[in-house]
Amino acid sequence: KAVVSTQSTGGVRILLSMAQGYLALCEARLPTSSPENRALLLTIQNSAMVQMLLELTEQSSTAGPIEGSEGHESSALIYTFLHDFFIKNEGLSKLVCWQTFPLTALEGVVCGVPSLHVASKFCTNMVHQPSLGKQLFAVGLLSHLSIQYPIQQTLGACNKVLAWANSLCGVSGVVWTLLSVDSLLRIATAFPPLVDPVTRIFVTQRKALAQSSIGTVRRMLKAHGDLPEALLRNPEEILTQAFDKMATGILVRMKGS
């Protein structure tokens with residue numbers, strides 16, 4: 001990665017060729033232990049390679065205007081590689097998603113890697129993990145899958161995630177909802193029948209926020225990392241705006257029926 005320009009398509013082609021050669025060499029030189037251990041070692045190596053490539057696509061997505069065009073072309077090459085790699089290595093996409101990767105890379109990855117459409121199957125399990133990071137990744141991934149694949153399977157996964165989200169209470173529920181506003185709006189956009197349950201989440205958590213210590217909410221938000229100043233300054237306004245968007249969606253839906 002240090003010697004190849006990942007902002008040029010030529011550099012990325014070289015990198016991907018090197019990656020394929022490296023993985024083939026590793027597989028050939030793996031100790032001939034039990035098949036289970038060998039498969040485990042291969043999976044670890046493969047997932048590490050995928051994570052490195054995902055990091056590169058995330059860098060390309062945030063490239064400046066001069067580098068942006070070729071950066072997107074470079075990402076497309078990586079997405080094609082990952083698509084084929086996931087097909088050849090069953091179960092790898094699930095492992096990579098459970099490891100998580102930057103949320104800013106989700107949109108590009110979901111759009112560029114068609115074999116990742118199966119991820120909706122395990123998003124419903126990820127939200128039940130105690131890690132807030134995994135919960136946010138799961139709903140973020142599912143929201144982009146909803147936009148890209150508005151099919152029955154994705155709708156079913158969304159229903160389960162929204163049912164779980166409606167069960168959240170207290171400050172933790174408020175914080176999760178504040179950090180998931182964009183994802184919830186995407187889900188409601190992809191599936192108009194889900195406008196009502198998403199709206200209920202915003203209403204419930206806005207009431208919970210009014211009964212919570214704003215200082216505690218801000219501390220928990222800050223603990224998650226760098227966030228927009230508007231979110232920290234006035235979290236209630238964020239939920240109010242989200243509710244207003246849902247209310248507008250309901251009115252538009254009523255007019256169209």
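Modeller: An axis here is a line fitted to C-alpha atoms, taken for helices over the stretch in contact, and angles between N-to-C directions run from 0 to 180 degrees. The model is predicted.

Biologist: How do helix 7 and helix 10 lie to each other, roughly parallel or oblique?

Modeller: Helix 10 covers residues 181–190, and its axis comes within 8 Å of that of helix 7, crossing at roughly 25°. Angles under 35 degrees count as roughly parallel. Helix 7 and helix 10 are therefore roughly parallel.

Biologist: In which hand does helix 7 pass helix 10, and which residues of helix 10 make the contact?

Modeller: The crossing of helix 7 with helix 10 is left-handed. From helix 7 come Val139, Gly140, Ser143, His144, Ser146 and Ile147. The residues that helix 10 brings are Ser183, Arg186, Ile187, Thr189 and Ala190.

Biologist: How many residues of that contact between helix 7 and helix 10 are charged?

Modeller: The contact of helix 7 with helix 10 includes four nonpolar and six polar residues. The number of charged residues in it is one.

Biologist: How do helix 7 and helix 9 lie to each other, oblique or roughly parallel?

Modeller: Helix 7 spans residues 132–148 and helix 9 spans residues 170–179. Their axes come within 10 Å and cross at roughly 40°. Angles under 35 degrees would count as roughly parallel. Helix 7 and helix 9 are therefore oblique.

Biologist: Which residues of helix 9 does helix 7 meet?

Modeller: Helix 7 passes helix 9 in a right-handed crossing. On the side of helix 7 the contact uses Leu132, Gln135, Leu136 and Val139. The partners in helix 9 are Val175, Trp176 and Leu179.

Biologist: Which helix gives the most to the lining of the largest pocket?

Modeller: The largest pocket has a volume of about 730 Å³, and 25 residues line it, with Leu178, Leu179, Val181, Asp182 and Ser183 nearest its centre. Helix 5 (106–112), helix 7, helix 9, helix 10 and helix 14 (235–256) each give two or more residues to this lining. With five residues, the one that gives the most is helix 10.

Biologist: How many lining residues of the largest pocket are nonpolar?

Modeller: The lining of the largest pocket has eight polar and five charged residues. Its nonpolar residues number 12.

Biologist: Where does the largest share of the lining of the second largest pocket come from?

Modeller: The second largest pocket has a volume of about 310 Å³. Its lining holds 14 residues, and Gln20, Phe81, Phe85, Lys88 and Asn89 are nearest the centre. The largest share, six residues, comes from helix 3.

Methods. Residues are numbered from 1 along each chain as its sequence is written. This is a predicted model: local features need pLDDT of at least 70, side-chain atom pairs count only at pLDDT 80 or more; totals for chains, interfaces and linings use all residues. Side-chain values use heavy atoms; hydrogens and water are left out. Helices (H or I, at least four residues) and strands (E, at least two) are DSSP runs, numbered from the N terminus. Angles under 35 degrees count as roughly parallel, over 145 as roughly antiparallel, 65 to 115 as roughly perpendicular and the rest as oblique. A crossing is left-handed if the near helix is turned anticlockwise from the far one by less than a right angle, and right-handed if clockwise. Contact means heavy atoms within 4.5 Å. Ala, Val, Leu, Ile, Met, Phe, Trp, Tyr, Cys and Pro count as nonpolar, Asp, Glu, Lys and Arg as charged, and the others, Gly among them, as polar. On a 1 Å grid over the protein atoms alone, a cavity is a set of points where a 1.4 Å probe fits but cannot get out, and a pocket is an open set with protein on both sides within 12 Å along at least five of seven lines; lining residues have an atom within 4 Å of a point. Grid points are joined across faces, edges and corners, and a volume is the space filled by probe spheres set on the points.
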